[in-house]
Structure formats: structure tokens, C-alpha cells
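Subject: Structure handover and notes

Hello,

Please find below the structure we talked about, together with its sequence. I would be glad if you opened it first and then read my notes beside it.

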Amino acid sequence: MKLQLIRRATQSLLLIALLALIISCARNPVTGKKEIMLVSESQELQMGLQSDPGIVANFGLYQDETMQAFINEKGKEMGAISHRPNLEYSFKVLDSPVVNAFAVPGGFVYFTRGIMAHFSSEAEFAGVLGHEIGHITARHSASQMSKQQLYGGLFAVGMIVSEEFRQFGQAAQQGLGALFLKFGRDDESQSDELGVDYSTQVGYDAHEMAKFFAVLKNLQTQAGVNIPEWQSTHPDPANRFENVHALADKYQRGANVNRANLKINRNEWLALIDGMVYGEDPRQGFVENNNFYHPELKFQFPVPANWQLSNTPQAVQMAEKGGNAIMLMTLSQANTLQQAAQAAAEQYQMTVQESSNVNVNGNNALAMISDIKKEVQQGQQAPPALRVLSYFIQYNGLIYQLHGVAEAAKFNTYYPIFSNTMTNFRDLFDPNKINRKPERIKIVTVPSATTFAQAVQANNQGRDNIETLSILNNLAPTAQVAAGTKIKILSTDESSSRTGRD
């Protein structure tokens, strides 16, 4: 038997080695070097096409035609001079306050409105745009997937052949994780360089890209996050600040350009984001005094004290801090309460134990208790059984489904909490909640030379806002601000330019 296993493993190793040899002729579009590549360009495109609808559904799109036209124009221009000019690139702004930008294989690039608000010039945006396009042109995702497939195959073969390898399998997996962690940082550094290269080619000053890493470092400090560089998939922002400045000098010399002719376009960018929603948008739902309010859909329900809540366009999720129980609220696509309950039972593989028609604050509803038991193979340990309390509530022409989930052994402990939230789902009439306005970016001009802190206080910004505005503008509170300088402040006033967002 052992001889058969060894023979089978040897054959597998030979197949993997042969496959690696066959595909090693693939050349990286950026470096020109041969590399192992198990993912074709058509597969990359398919991954992007499959991922995009889910990304948009999860975050939602920020509706601003002028901004969308701008990122399309700059993105297409940069894609055309990149190492993969034949891709059909797609660029979107997501309606999320999180400061983030990311790329998906096949040419899909996303910016959150959170990161757009923190850019202070077109040049900063262009550098990060080039960075994200760089991930696509260098095929970083495809390369990572190929390596994981190859090394994963080798790892599986080793587990078959060697009893000793099985004993230390966990340590070996951790070692592979560290290997890919390094690849991640190398990919980020390469994309930084491509961001400098591409943004320089389209006429922007890449030194401004370096400034944005100071913003990231300040956001990291504000959040109390201090991760050693070797533990992070991204290089430390402070190190990237220095490296990108050096790369900008290198590429500007190499391109033989006059830096004075390179664009920064600070005021143009500030005009673009003037009136943009900043932070959480209360119109999409907000929590106050342990209650969740949705002004547009006009409903409310209580949130358990000390539970964490995540609100996306697709769902509201709540979790007990210890992870022992969760609640989920989504919309059902069914036409009736009975159909909604049946669809949920099938989707989540729930076995219904009891159900009944009920009334929730004047709304027809269906209450249901179900069990979830996962089938396990022989020799595997069964996960704990789960029990679910579900309410399906008809309200304003829609069916809301709320599920509370806990281990069956702990369900009775959490049942009163689940029930309190679900049975107190009700209308929202309070105009103070319905008319709650989001904060927006407002661009103002400093009339005379002063410090940044004094400038924002002169615009009725409280002292509590100074740290946030300092990071938002990338200006220290004590920094001197010249007369005529435009700065970002926050306001709920919707009269600022382009507030209507086209």
C-alpha cells in the first residue's frame, strides 16, 4: 500500500513539474520575465466579470456623473499607456466611507468615496490609479493564484507521502503563508513603482502620490493601528512615502521632463469633490441610542446593547461581541410570506420546527424556528447544531426577513434578544430621524494667512473636528496656510456647489 502511495505521489509530482515546465514560457507583461502562470487572460477577464456585480451590490455605486466621467477619462488614458493597453478597463466609485481602492483581475478598478475624499489633488489620485492598474498589468492576482495552486499541489503530495510531514503540516502551512505574505508586499512595492511610472507618463507629478502615504499613516495612527511591516501585506506607509519620492525622481529624470510642467491640479480636484458625502450616510441607515433607523425606507428596530453592527446595501448584520450569536436582516424577493419562508429555508438549509402567522406592530408577519445541522463525513467531528429564529415581515410593499442564529445549546439564552429586535420592527415617523442629513465635503477659501487650526475654527468647525480635518487635508493643525488657499471642511449644508451630484 505504501509503495502504491509513493508511486501515485511521484506521478503527481511529475505531472505538476511537467505542467510548470509547459507554462513557464508565460512572460509577465511588466517585467518580461518568464513566470509560472496557470490563469489565462480570458480566465482573468471572466473572474472580473463574475466579481463585479457582487462588489457593486455589496457597496453600491456613488452617484456622481461628473466624477464618474473624470475617472473614466483618466483611467482609459492611463490604461492605454500601460503594459496591457488592450484590456477593456472599468472604473467605478463605490458608495462606502472606508478609505480604500482595489483592483480585480481583467481590468476592474474600484475607488471608495472615502478614499476620494482624502485625495487632495488630481496627482494623488493619478498615482493611486496607476498603482491599481499596476496590479492588473503585472497580473498579481493571477500569479498569486497560480503559485497557490502549484505549491498547494506539492503540499498535498507531501501530506500523502510522509507521516512526518503530516505531523508538522500546520507548521508547513504557516510557512507557506509567510512566503505568500512576502509576495504580497513585493507586489505592492511593484505596483507603487508602476503607479509612479504611469502617472508620470500621463503628465502628473508622482511626488504627490507619496504625500498620500502620509495620509494613510495618519489614518493608521488615528485608528490606533500599528502593525509591524513584516506582518502586513502592504509595506509600511512611512517607508512607501520615502520610496515613492525616490521613484518619482527616477522616472522624472528618465522621462526627461521638466517637473514644473507636471500637473498637480489641486484646485481642480477640490472642485470635483465639493459637496461629496463624507463618512457614514444616514440616509442608508444609522444607529443612535441602540436603535437602527432607515430614513429612506422609514423603518426602525432596536439593536442589542454592545452588539456590533455592519450596514451594507444588501444586509444589516449584527453580532454579539463574543461571537456566540448573530442577527441578519435582508429583503426577500418572494411575493408572499410563505414563499419567503420557504426560500429562506432552502437557501440556508434550515429544517423548520415550528412556524405561525403573527402581527408585528400592525404588519402581517410569519415567525419561524428552524434548525441547521451540517452533514459530516465519517471520522470528522460534527460542528455544533444551530438554531434560528426568523421573522418575515410585510411592510410598505416589501418583505423583510430577520434571522437570529445561535448554537442550539445557547439558543434559549439569546431568544429574548432576538425576539425583542424582531417584534419591535416598526414604522419610522420621527422627522428628526427621517430628515437626518449626511456630512459633506465643503471647499472654502482661506481669506488671510493663518494656521490650519485657526482656519477651520473660523468656519465653525469644532475643536473635536480638527484632527479629522487635519488628516483630510493632510495639514498639521499648526501648519501655516497662505491667503487664498482652498481647504476641505465638513458641513450638512446642501447648498455647496455640485451637491446635487448632477
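**Salt bridges**

Asp 281 forms a salt bridge with Arg 283, and the closest N and O atoms of this pair are 2.7 Å apart. Asp 281 counts as buried because its relative accessibility is 4%, whereas Arg 283, at 28% relative accessibility, counts as partly exposed. Please keep in mind while reading that this is a predicted model.

The structure holds eleven salt bridges, and another of them is made by the side chains of Asp 192 and Arg 240, with an N to O distance of 2.9 Å. Asp 192 belongs to helix α8 (residues 169–201) and Arg 240 to helix α10 (residues 237–254), so this pair ties together parts that are 48 residues apart in sequence. Asp 192 and Arg 240 are both buried.

There is also a network of salt bridges, which links Glu 288, Asp 430, Lys 433 and Arg 436. Within it, Lys 433 forms a salt bridge with Asp 430, and here the closest N and O atoms are 3.2 Å apart. Lys 433 counts as buried, its relative accessibility being 10%, while Asp 430, with 31%, counts as partly exposed.

**The protein as a whole**

The protein has 502 residues, of which 45% count as buried, and there are 16 helices and 19 strands in it. If you take the contacts between residues at least 6 apart in sequence, 66% of them join residues at least 24 apart. The protein exposes about 25200 Å², and carbon and sulfur atoms supply 51% of that area.

**An open sheet and its helices**

In which order do the three strands of the open sheet lie? The order is β4-β16-β19, and the pairing is antiparallel. The edge strands are β4 (277–278) and β19 (486–491), each of which pairs on one side only.

**A closer look at helix α16**

Why can we say that α16 is largely enclosed by the rest of the structure? Six of its eight residues are buried, so the description follows from that count. The buried residues of α16 are Ile 466, Leu 469, Ser 470, Ile 471, Leu 472 and Asn 473, and they pack against α4 (113–118), α9 (207–222), β4, β16, α15 (452–457) and β19.

Leaving aside residues up to four places away in sequence, Ser 470 touches Phe 452, Leu 475, Ala 476 and Pro 477. Just after α16, Asn 474 takes a positive phi of about 55°.

**Strand β1**

Is strand β1 (residues 90–94) mostly covered or mostly uncovered? It is mostly covered, as five of its five residues are buried. Both faces are covered, with Ser 90, Lys 92 and Leu 94 buried on one side and Phe 91 and Val 93 buried on the other. Five bridges join β1 to strand β3 (residues 108–112), and these two strands run parallel. Within this pairing, Lys 92 stands opposite Tyr 110 in β3.

**A nonpolar patch**

Finally, Leu 297, Leu 331 and Leu 398 form a nonpolar patch on the surface, and together they have about 210 Å² of accessible area. Leu 331 is found in strand β10 (residues 325–332), and at 37% relative accessibility this residue counts as partly exposed.

Best wishes

How values were computed. Residues numbered from 1 in each chain as written. Predicted model: local features only at pLDDT ≥ 70, side-chain atom pairs only at ≥ 80, totals over all residues. Heavy atoms only, no water. Pairing = 2+ DSSP bridges. Helix = DSSP H or I, 4+ residues; strand = E, 2+ residues; numbered from the N terminus. Patch = residues over 30% accessible without salt bridge, like charges linked within 9 Å, V, L, I, M, F, W, Y side chains within 5 Å. Areas by Shrake-Rupley, 256 points an atom, 1.4 Å probe, with all protein chains shown as cover. Salt bridge = Lys/Arg side-chain N within 4 Å of Asp/Glu carboxyl O. Buried < 20%, exposed > 50% of the residue type's maximum accessible area, 1.4 Å probe, protein only. Contact = heavy atoms within 4.5 Å.
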